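Please open the model in a viewer and keep the selection panel at hand.

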Amino acid sequence: MYRTGTCFKYFILSNFQGCDASLLLTGSGTEQTAIPNQSVRGYGVITDAKSQLEASCPGVVSCADIVALAARDSVEILGGAPYDAETGRFDGTAPGSNVLAKLPGPNMTVEEATPFFTNLGLTQEDMVTLLGSHTVGVSQCLFFVDRLYNFKGTGKPDPSLDVSYLAKLQSLCPDVTGDTTNVALDENSEFAFDTSYFRNLQASKGVLRIDQEIANDASTSGRVNTLSASSNTFGADFGAAMIAMGRIGVLTTGNVRAICESS
Ligand code: HEM
């Protein structure tokens, strides 16, 4: 699980910059050093795959493709539907300087988050479907602690949170300033790639504000209802949305790095 969540995170973070494995580069000024990326972990999974591929088939499989394939395998290993991830990407060296501007934030509303997806050629439906990847993995308290104690500066919790779940999150995140403690994004189901995330949203148990917003906003709630009711629809649509996302910013000429960490 530790590994699978990480692979997804690589994928989404890479993608908003173009799916080019820039995130794997180490050193100052790289994507890895940008604040939203500092909690990304498990880079060794990609390093392991790369060294095995280079040993048997040098210079052929890009780091960007390894990331995309790792995300695909993560879904299936956790019980999600298989999909045919596309390959053929080259590796890039985008700087970390514009990561903050390119990534949507956890406290966004649907209206604020949607353009991050539509500007890249994805739809609002894709956004809701892809957020379904929060069916696995964790968030640090610091990304949602304001909802527990001081929502929008009111000095009170976010009223859209279920009251007993609020109490649970407060006990998991007692530090009102927000710390790095990890909390499951999908209560009681963080290791299964299933539709439980959407049912938890319907029960007002979204961890991040954007999670809860997609269930409460009139423009996206119908989609949440559809996905919560059908794992077949979620499985098929999630795969299609991952393929669409995997086409963003793809480099079709250039370099296949021999070592993913350095250009
Ligand atoms: C509006 C869009 C999104 C926002 C605001 C958002 C925000 C976040 C935040 C704040 C975290 C916790 C990070 C941490 O504590 O370090 C997280 C975790 C995660 N996100 Fe998203 N996310 C979005 C979309 C996506 C998409 C499209 C995917 C993949 C297709 C994705 C996959 C994940 C996964 C797998 C985790 C868990 C990572 C782990 O356990 O280490 N997210 N997301």
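This is a predicted model: local features need pLDDT of at least 70, side-chain atom pairs count only at pLDDT 80 or more; totals for chains, interfaces and linings use all residues.

Residues are numbered from 1 along each chain as its sequence is written, and side-chain values use heavy atoms, with hydrogens and water left out.

**Stop 1: the iron atom**

Select the iron atom of the ligand and then His134. The NE2 atom of His134, at 2.1 Å, is the only protein donor of this iron. Donors are N, O and S atoms within 2.8 Å of the metal (3.2 Å for Na, K and Ca); water is not among the atoms, so sites may look incomplete. His134 belongs to the loop that runs between helix 6 (124-131) and strand 1 (138-140). Helices (H or I, at least four residues) and strands (E, at least two) are DSSP runs, numbered from the N terminus.

**Stop 2: Lys50 and Glu54**

Turn next to the salt bridges, each defined as a side-chain nitrogen of Lys or Arg within 4 Å of a carboxyl oxygen of Asp or Glu. The count by this rule is 10. Select Lys50 and Glu54, whose side chains form a salt bridge with an N to O distance of 2.8 Å. The two residues are four apart in helix 2 (residues 44-56), so about one helical turn separates them. Lys50 is buried at 3% relative accessible area, and Glu54 is buried at 18%. Here buried means under 20% relative accessible area, exposed over 50%, and partly exposed in between (1.4 Å probe, protein chains only).

**Stop 3: Lys168 and Glu187**

Select Lys168 and Glu187, a salt bridge of 2.8 Å, N to O. Lys168 lies in helix 8 (residues 163-172) and Glu187 in the loop between strand 2 (182-184) and helix 9 (196-202), so the pair ties together parts 19 residues apart in sequence. Lys168 is partly exposed at 33% relative accessibility, whereas Glu187 is buried at 12%.

**Stop 4: Arg223 and Asp237**

Finally, select Arg223 and Asp237, a salt bridge whose closest N and O atoms are 2.8 Å apart. Arg223 lies in helix 11 (residues 221-229) and Asp237 in helix 12 (residues 231-245), so the pair ties together parts that are 14 residues apart in sequence. Arg223 is buried, at 13% relative accessible area, and Asp237 is partly exposed, at 27% relative accessibility.
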